[in-house]
Amino acid sequence: MKGGNFNRARGKHLPFTLLIIICMTILLWSYERKPTDTSILSTQDQFVLPTSEVFKVASQISGDLVKPQDRPAKESLAVHEETGDQPKLHITEESDKYSASSSEKKAVCDYAKGRWVLDSTRPLYSGFKCKRWLSEMWACRLTQRPDFGYEAYRWQPENCYMPDFERSAFLKRMQDKTIAFVGDSLGRQQFQSLMCMVTGGEESTEVEDVGSEYGLIAPEGAFRPDGWAFRFPETNTTILYYWSSCLCDLEPLNATDPATEVAMHLDRPPSFLERFLDRFDVLILNTGHHWNRGKLRANRWVMYVNGKPNQDKRLAPMGSAKNFTIFNIARWVDSQLPSHPRLKAFFRTISPRHFFNGEWNTGGSCENTTPLARGSEVKQDESSDPVISSAVRDTKLKLLDITALSHLRDEGHLSRYSVKAAVGIQDCLHWCLPGIPDTWNEILAAQV
Ligand SMILES: *[C@@H]1O[C@H](CO)[C@@H](O)[C@H](O)[C@H]1NC(C)=O
Ligand SMILES: *[C@@H]1O[C@H](CO)[C@@H](O)[C@H](O)[C@H]1NC(C)=O
Ligand SMILES: *[C@@H]1O[C@H](CO)[C@@H](O)[C@H](O)[C@H]1NC(C)=O
């Protein structure tokens with residue numbers, strides 16, 4: 001009996017030890033899993049699938065046959081070995097994706113890859129109503145245009161979660177912050193788009209015009225100021241735009257003679273940026289379409305380097321001058337970041353143009369009205385804008401990569417409804433608003 005008792009006791013004891021081990025294991029397990037158990041993360045995790053899963057889904061959607069082992073880590077490594085760049089950074093990013101906390105996961109998310117999907121909640125504001133913030137020439141709802149299918153799509157990044165744009169949440173996050181767009185007219189489109197998104201297209205009379213705080217007032221006799229700045233009093237958020245089509249410093253060679261030539265200092269940031277960078281929390285730069293001889297001649301701009309007319313033959317080709325300037329501004333902003341710890345700086349990639357059968361001035365047109373006629377998906381890993389993506393590589397600037405996804409949207413331009421339509425000029429460069437630039441802002445909002 002005793003022995004039996006002993007045996008029973010030992011028999012009881014063994015399962016008990018086992019039970020403890022099992023409990024500890026489960027406990028440890030669930031502790032490790034905890035970060036993925038919160039509701040926000042589980043939504044995100046639906047999109048951060050294991051690579052092979054992402055692949056299955058992607059190939060189901062596209063019908064393409066691509067093997068999982070062709071995936072990111074190896075591919076980017078190979079690319080960087082070819083260009084001779086240090087691949088180290090990319091490897092780290094890839095491995096971080098699976099070990100980092102959720103916010104870091106978001107930081108490495110590639111918003112440029114994904115697809116356009118129909119969404120009945122689009123557009124985010126009305127093109128009839130958003131009159132205070134939107135230039136009439138860009139509000140296609142106010143033109144004769146009969147088709148608006150292009151308004152009905154949302155961008156869905158492939159393997160990361162992008163929250164829907166919600167204006168009060170956005171403003172709250174941007175409490176006491178200043179968002180500055182600096183660039184050409186495509187930057188101005190993105191600025192107007194954001195104003196419409198944040199106001200919901202309402203007139204919002206409480207929003208203050210604070211242009212004078214930034215010297216953004218039209219000089220006497222001028223057609224318009226060099227930019228605009230508005231403040232939302234309830235959150236003290238400022239959104240502004242400054243026109244700088246070259247992201248370089250422009251200096252009239254004779255300030256008292258309006259017909260004089262203008263020095264275009266390729267190696268100097270726009271003086272506006274130098275003057276006000278201290279006040280910015282988010283900066284979005286863009287340039288691209290003004291880098292052609294016609295624009296330079298029309299503006300009487302003369303390239304200067306080192307404070308003197310450019311003598312360097314290597315910079316004479318327009319593409320080289322553009323590349324030189326883009327690298328310069330990216331390096332200059334990067335050099336300012338340590339002393340501006342609040343600042344998040346983005347370089348937006350080029351907005352694609354879609355002139356078919358000619359150029360803008362030789363009858364080029366963009367007549368397609370069927371959304372996504374050229375496909376709905378972006379699958380490539382590398383940016384379609386090699387100049388800007390290589391300029392921000394090895395800096396702390398972020399790439400706002402919208403080129404490939406916008407390239408799929410040729411039906412979204414002003415096309416034959418542009419202000420110059422009467423003289424046979426279509427606009428296949430600027431976009432209807434609401435429209436494609438709204439998506440650029442959603443991708444921006446997901447990253448600030
Ligand atoms: C508004 O925000 C700016 C920073 O952008 C800050 O300097 C200023 O004190 C704020 N004003 C108020 C009334 O909170
Ligand atoms: C600048 O332009 C004014 C007006 O045309 C002219 O009188 C003046 O001589 C010019 N100054 C220089 C330094 O060229
Ligand atoms: C652009 O400029 C950078 C920096 O000067 C240079 O390393 C790169 O080769 C240039 N790229 C092109 C395409 O000219």
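Ser193 is buried, at a relative accessible area of 0%. Buried means under 20% relative accessible area, exposed means over 50%, and partly exposed lies in between (1.4 Å probe, protein chains only). The model is predicted: local features need pLDDT of at least 70, side-chain atom pairs count only at pLDDT 80 or more, and totals for chains, interfaces and linings use all residues. Residues are numbered from 1 along each chain as its sequence is written, and side-chain values use heavy atoms, with hydrogens and water left out.

Ser193 sits in helix α8, which spans residues 185-199. Helices (H or I, at least four residues) and strands (E, at least two) are DSSP runs, numbered from the N terminus. What is Ser193 in contact with, leaving aside its neighbours within four places in sequence? The partners are Tyr125, Leu433, Pro437, Asp438 and Asn441. Contact here means heavy atoms within 4.5 Å.

Now to the charged pairs. Side chains of opposite charge can pair when their charged atoms come close. A salt bridge is a side-chain nitrogen of Lys or Arg within 4 Å of a carboxyl oxygen of Asp or Glu. The whole structure holds 15 salt bridges.

One of them joins Arg141 to Glu151, with the closest N and O atoms 2.8 Å apart. Both residues lie in the loop between β1 (114-118) and β2 (153-157), 10 residues apart. Arg141 is partly exposed, at 25% relative accessible area. Glu151 is buried, at 7%.

Another salt bridge pairs Arg342 with Asp281, at 3.0 Å from N to O. Arg342 lies in the loop between α11 (318-336) and β12 (344-348), and Asp281 in the loop between α9 (271-276) and β9 (282-285), so the pair ties together parts that are 61 residues apart in sequence. Arg342 is partly exposed, with 48% relative accessibility. Asp281 is buried, with 4%.

Next come Arg374 and Asp410. Their side chains meet in a salt bridge of 3.3 Å, N to O. Arg374 belongs to the loop between β12 and β13 (377-378), and Asp410 to the loop between α13 (403-407) and β15 (413-415), so this bridge ties together parts 36 residues apart in sequence. Is Arg374 buried or partly exposed? Arg374 is partly exposed, at 33% relative accessible area. Asp410 is buried, at 5%.

Finally, the shared partners. Asp119, Arg122, Arg154, Asp164 and Glu442 form one network, joined by salt bridges that share partners.

Key:
Chains are lettered from A and ligands numbered from 1 in the order in which they are written.
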